[in-house]
Amino acid sequence: MELQSERLLIREIVDEDLLDFYEIYSNPNVTASSGFYPIGTYSQASDYINLFKGTSNFGVILKSENKLIGVIGYENDDEIIISYLLNQSYWGNGYATEALNLLLQYMKNLGYNHILADCFIDNLASEKVLKKCGFQYLNNYKRIYSSLNNEEKTCKLFQINNTNSL
């Protein structure tokens, strides 16, 4: 899968993304809002990349730099749940909103209409992105993160009816 806007390309994460991937996932400011601890080695980054291959997790590439600046994806268990994160150096430039809108259009084309997303209760920037993209607040809930030694976090849950928003 490849999706493009004027500034971004969304594609599979590849081995050549290793250094950029490490830069994102080793930053505690990025991972703190994502439900896991930062990685500490390039080997761990490589392991994550291999886990992401062939899944619904994709790289967000800034075309002007040919650089992986984030990851966006979705889970499809009982419901579609979207997640994303960006390299801290690229926060505040509209890239998360742009990438999320690309993914929403892709999912609409696949026939997915009811889509969920969540963020930690204190992640106001992510909440703003979701609202800009048409998501509406549903409720707060508690979630246990096995990746954070079973720490419980309060999250805000959002939904979008993807049929009319795009």
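1. In α3, the residues Ala45, Ile49 and Phe52 are buried, where buried means under 20% relative accessible area, exposed over 50% and partly exposed in between, with a 1.4 Å probe and protein chains only. They lie on the same side of α3, because they cover an arc of only 65 degrees around the axis; the arc is that of the directions from the helix axis to the C-beta atoms. The cover over the buried residues of α3 includes α1, β3 and β4. Helices (H or I, at least four residues) and strands (E, at least two) are DSSP runs numbered from the N terminus. Just after α3, glycine 54 has a positive phi of about 75 degrees.

2. On the basis of the model: it is predicted, local features need pLDDT of at least 70, side-chain atom pairs count only at pLDDT 80 or more, and totals for chains, interfaces and linings use all residues. Residues are numbered from 1 along each chain as its sequence is written, and side-chain values use heavy atoms, with hydrogens and water left out.

3. The buried residues of α1 are Asp20, Phe21, Tyr22, Ile24 and Tyr25. Among the elements that cover them are α2, α3, β4 and β5. In the loop between β2 (8–12) and α1 lies aspartate 17, which counts as buried because its relative accessibility is 5%. Not counting residues up to four places away in sequence, aspartate 17 touches Arg11, Glu12, Ile49, Ile61 and Leu68; contact means heavy atoms within 4.5 Å.

4. How many aromatic pairs does a search of the whole structure find? The search finds 11 aromatic pairs. One of them is formed by phenylalanine 21 and tyrosine 48, a tilted pair with 6.5 Å centre to centre and 35 degrees between the planes. This pair links distant parts of the chain, with phenylalanine 21 in helix α1 (residues 18–25) and tyrosine 48 in helix α3 (residues 42–52), 27 residues apart. Rings of Phe, Tyr and Trp (its six-membered ring) pair if their centres lie within 6.5 Å; planes under 30 degrees apart count as stacked, over 60 as edge-to-face and the rest as tilted.

5. Phenylalanine 21 has a relative accessible area of 0% and is therefore buried, whereas tyrosine 48, at 28% relative accessibility, counts as partly exposed. The rings of tyrosine 48 and phenylalanine 52 have their centres 6.3 Å apart and their planes at 70 degrees, so this pair is edge-to-face. Both residues, tyrosine 48 and phenylalanine 52, lie in helix α3, 4 residues apart, about one turn of the helix. Phenylalanine 52 counts as buried because its relative accessibility is 14%. Ring pairs join Phe21, Tyr25, Phe36, Tyr48 and Phe52 into a cluster.

6. The charged end of lysine 153 sits over the ring of phenylalanine 120, 5.1 Å from the ring centre. The criterion is that NZ of Lys or CZ of Arg is within 6 Å of the ring centre and within 35 degrees of the ring normal.

7. Asparagine 66 lies in the loop between β3 (57–62) and β4 (67–76). Although asparagine 66 is not a glycine, its phi is positive, at about 50 degrees. Asparagine 66 counts as exposed, because its relative accessibility is 62%.

8. The largest pocket holds about 1,300 Å³ of space. It is lined by 48 residues, and those closest to its centre are Ser33, Ser34, Ser83, Tyr84 and Leu85. Two or more lining residues come from each of α3, β4, β5 (80–86), α4 (95–109), β6 (114–120), α5 (124–132) and β7 (136–145). On a 1 Å grid over the protein atoms alone, a pocket is an open set of points where a 1.4 Å probe fits, with protein on both sides within 12 Å along at least five of seven lines; lining residues have an atom within 4 Å of a point. Grid points are joined across faces, edges and corners, and a volume is the space filled by probe spheres set on the points.

9. Asparagine 29 lies in helix α2 (residues 28–31) and, at 46% relative accessibility, counts as partly exposed. Leaving aside neighbours within four places in sequence, asparagine 29 is in contact with Gln88 and Trp91. Asparagine 29 and leucine 85 are 56 residues apart in sequence and 11 Å apart in space, C-alpha to C-alpha.
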